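Here are my notes on the structure, point by point. Please read them with the model open.

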Amino acid sequence: MKIQFKIYTILISVLISGLTSCEFLDIEPANEFERSDYYQDKNQAEMALAGIYSKMAESYKEHLSIWLNAGTDEFLHSKLASSTRGSEISKFNYNAFNTDIKKIWTQSYTLISRANDLIYNLEGRDTIAGLSFEQRQGMIGEGLTLRAFAYLNLVRMFELVPLRTLPFVDIAEDNGDLHLESQEANVVYNQIIADLNAATGMLPEEAQAYGRLTKYVAHGLLARTYLHLAGNRINGGDVGIEECHNQVIKHCDKIIASGQHSLLDNYSDVFLNQIQQVADSREVMWEVSFKYTTERDLGGYIGNYNGPKVEGEVNDDPESNPLVYATATLNQLYGDDFESMPVDNPDERHAWNIVPYNIKYQDGEYSFPADIGNKLRWYGGKWRRVQKVVSGTNDAGEAMYSALVLESGAINKWRTSINFPLLRYADVLLMKAESVNHLYGPTLDALDNVNAVRLRAGAVTVQELLAGQALALTQDQLFEVIKDERSRELCYEGIRRFDLVRWGILIQAMQEQNILMVNHPDYDASKDEYLTYPGDAVEERHNVFPIPNDEITLNKNVKQHPLW
């Protein structure tokens with residue numbers, strides 16, 4: 001029996017997240033279409049494109065946004081039980097049967113399948129009603145970029161993965177394209193680079209709607225791709241390490257010279273925009289959008305599992321049940337040497353990214369227990385649903401506090417409409433600085449890019465930072481500053497684990513985190529041992545993830561990674 005895949009508009013409309021703020025996504029299900037009948041007009045093409053973006057939301061509502069970052073020197077899982085969601089990934093306690101890893105794999109390949117279908121059909125038709133040539137090229141560029149982004153995540157996680165670039169239609173007549181074998185990482189990187197290079201010539205300079213891709217996002221992803229290709233495990237692939245860094249600089253310069261993007265004046269505004277659904281692409285060049293409404297739940301868990309604790313009562317209170325703690329390592333990077341969080345710390349990222357308090361809602365009022373004394377129990381505050389603010393002073397001159405609900409729109413007890421960044425201009429500056437330093441040492445160009453990020457946050461320059469520690473400004477020392485700066489600036493944004501792997505220091509970083517932990521004055525071995533699980537469990541094999549067992553069972557040509 002011949003089985004053919006169909007495209008269902010009902011599937012495409014359950015959609016997104018990636019573009020919920022756009023009219024283009026407000027498409028209601030209407031009919032069922034055979035493949036041969038589809039892509040007849042602009043509406044159908046846009047529904048197919050929205051279906052690709054929707055898979056971004058599924059991957060980033062918690063897996064790639066929270067749990068992948070929780071087992072790092074920025075975040076630690078807060079629960080002892082290994083059965084708690086996200087715990088196995090976060091504690092390096094996983095194998096090929098892990099369901100979260102399987103979901104990441106499946107969601108990524110579903111996105112790739114949809115992208116392949118879109119690219120193939122838009123390239124293969126002479127005309128599509130209502131769609132100009134430029135619009136069609138732009139949509140092909142979006143499909144190429146989304147496919148490349150999915151493969152970049154897959155190759156960085158699993159390293160050896162099947163590479164599919166054409167739509168698969170017929171199961172009964174398998175001509176060898178059903179069971180594709182795994183490819184070496186350099187082959188996958190070559191395809192990612194080819195896709196993104198093509199996309200830079202197709203995508204518009206300004207997004208068709210907020211949340212959609214532009215040529216400068218493609219340039220940013222090329223810079224990220226080359227930076228990881230130059231990294232520890234791939235060592236430049238077919239390109240070479242030095243040329244990889246040249247390419248990083250080239251693509252970052254394209255973005256910088258465009259004038260389309262810049263740092264916002266205030267660090268906290270970057271994330272307040274995401275919390276409050278403010279469409280501003282100056283610094284956040286690309287993000288996954290989530291949208292909870294009473295009619296349709298397209299929300300995520302950003303700000304719930306990875307924000308400060310908020311205890312609510314009913315469904316329309318913005319509750320937060322944090323499952324991760326900010327690490328002592330991250331806290332110390334801001335200059336906190338086990339002292340209280342300094343109110344005069346010039347780096348405003350410290351007080352925004354790490355929160356030392358709980359909020360409780362009961363009987364119609366918010367209350368604030370005493371600040372959390374144990375610094376190993378402080379939360380990430382980057383995406384806070386509710387903020388504690390000073391509302392005045394009492395007769396004794398003591399500060400009085402009230403709660404400010406930051407979320408806009410409909411509020412759900414668990415799900416949020418808070419967006420998650422995929423590429424920020426600050427990352428572009430830090431990527432360029434790293435590659436410039438690698439090739440040429442601590443030049444003014446490298447320093448200027450790092451200092452732009454630091455000065456925006458109120459921190460001192462790199463030169464002043466090193467001078468204060470009696471350290472010389474050398475190539476190696478600037479590299480250490482950049483590694484720390486990426487954590488200070490980009491913490492919790494799903495970047496750290498990939499960075500640690502490409503630098504070849506994942507094991508070292510987690511073991512150093514343990515040393516810092518057990519020597520911390522708040523550490524209690526009888527209660528906190530589970531926080532050291534990641535550092536105790538991490539091994540060389542954890543630089544990659546195991547191929548899901550279901551995939552190996554179904555695909556006779558896929559072999560498990562040698563480390564597993």
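1. Helices here are DSSP runs of H or I with at least four residues, numbered from the N terminus. That numbering places F92 in the loop between α4 (87-90) and α5. The model is a predicted one.

2. Stay with F92 for its backbone. Phi of F92 is near 55 degrees, a positive value in a residue other than glycine. Most residues other than glycine have a negative phi. F92 also counts as buried, because its relative accessible area is 5% and the cut-off for buried is under 20%.

3. Y492 sits in the loop between α16 (475-490) and α17 (496-502). With a relative accessible area of 1%, Y492 is buried.

4. Now the overall picture. The protein has 21 helices and 17 strands. Of its 564 residues, 57% count as buried. Take the contacts between residues at least 6 apart in sequence: 72% of them join residues at least 24 apart.

5. How do α2 and α5 pack? Two packed helices are described by the angle between their axes and the distance between the axes. For helix α2 (residues 42-60) and α5, the axes come within 9 Å and cross at roughly 160 degrees. An angle over 145 degrees counts as roughly antiparallel, and α2 and α5 are therefore roughly antiparallel to each other. Their crossing is left-handed.

6. Which residues make the contact of α2 with α5? On the α2 side they are A45, A48, L49, G51, I52, S54, K55, M56, E58 and S59. On the α5 side they are Q107, T110, L111, R114, A115, L118 and L122. By class, the contact of α2 with α5 divides into nine nonpolar, five polar and three charged residues.

7. Next, α7 and α8. Helix α7 (residues 185-200) packs with helix α8 (residues 215-229) at an angle of about 160 degrees, and the axes are 9 Å apart. α7 and α8 are therefore roughly antiparallel to each other. The crossing of α7 past α8 is left-handed.

8. The contact of α7 with α8 can be read residue by residue. α7 brings Y189, I192, I193, L196, N197, A199 and T200. They meet K215, A218, H219, L221, L222, T225, Y226, H228 and L229 in α8. This contact has ten nonpolar, five polar and one charged residues.

9. On to the aromatics. A search of the whole structure finds 20 aromatic pairs. The rings of W105 and F158 have centres 5.0 Å apart and planes at 85 degrees, so this pair is edge-to-face. The pair links distant parts of the chain, with W105 and F158 53 residues apart. W105 belongs to helix α5 (residues 99-123), while F158 is in the loop between α6 (133-157) and β4 (161-162).

10. Are W105 and F158 buried or exposed? W105 counts as buried, at 3% relative accessibility. F158 is buried too, with a relative accessible area of 0%.

11. One last item for the aromatic list. Y60, F149, Y267, F271, W286, W383 and F420 form one aromatic cluster.

Key:
Residues numbered from 1 in each chain as written. Predicted model: local features only at pLDDT ≥ 70, side-chain atom pairs only at ≥ 80, totals over all residues. Heavy atoms only, no water. Axes fitted to C-alpha atoms, helices over the stretch in contact; angles between N-to-C directions. Helix = DSSP H or I, 4+ residues; strand = E, 2+ residues; numbered from the N terminus. Parallel < 35°, antiparallel > 145°, perpendicular 65-115°, else oblique. Left-handed = near helix turned anticlockwise from the far one by under 90°. Contact = heavy atoms within 4.5 Å. Nonpolar A, V, L, I, M, F, W, Y, C, P; charged D, E, K, R; others polar. Phe/Tyr/Trp six-rings, centres within 6.5 Å; stacked < 30°, edge-to-face > 60°. Buried < 20%, exposed > 50% of the residue type's maximum accessible area, 1.4 Å probe, protein only.
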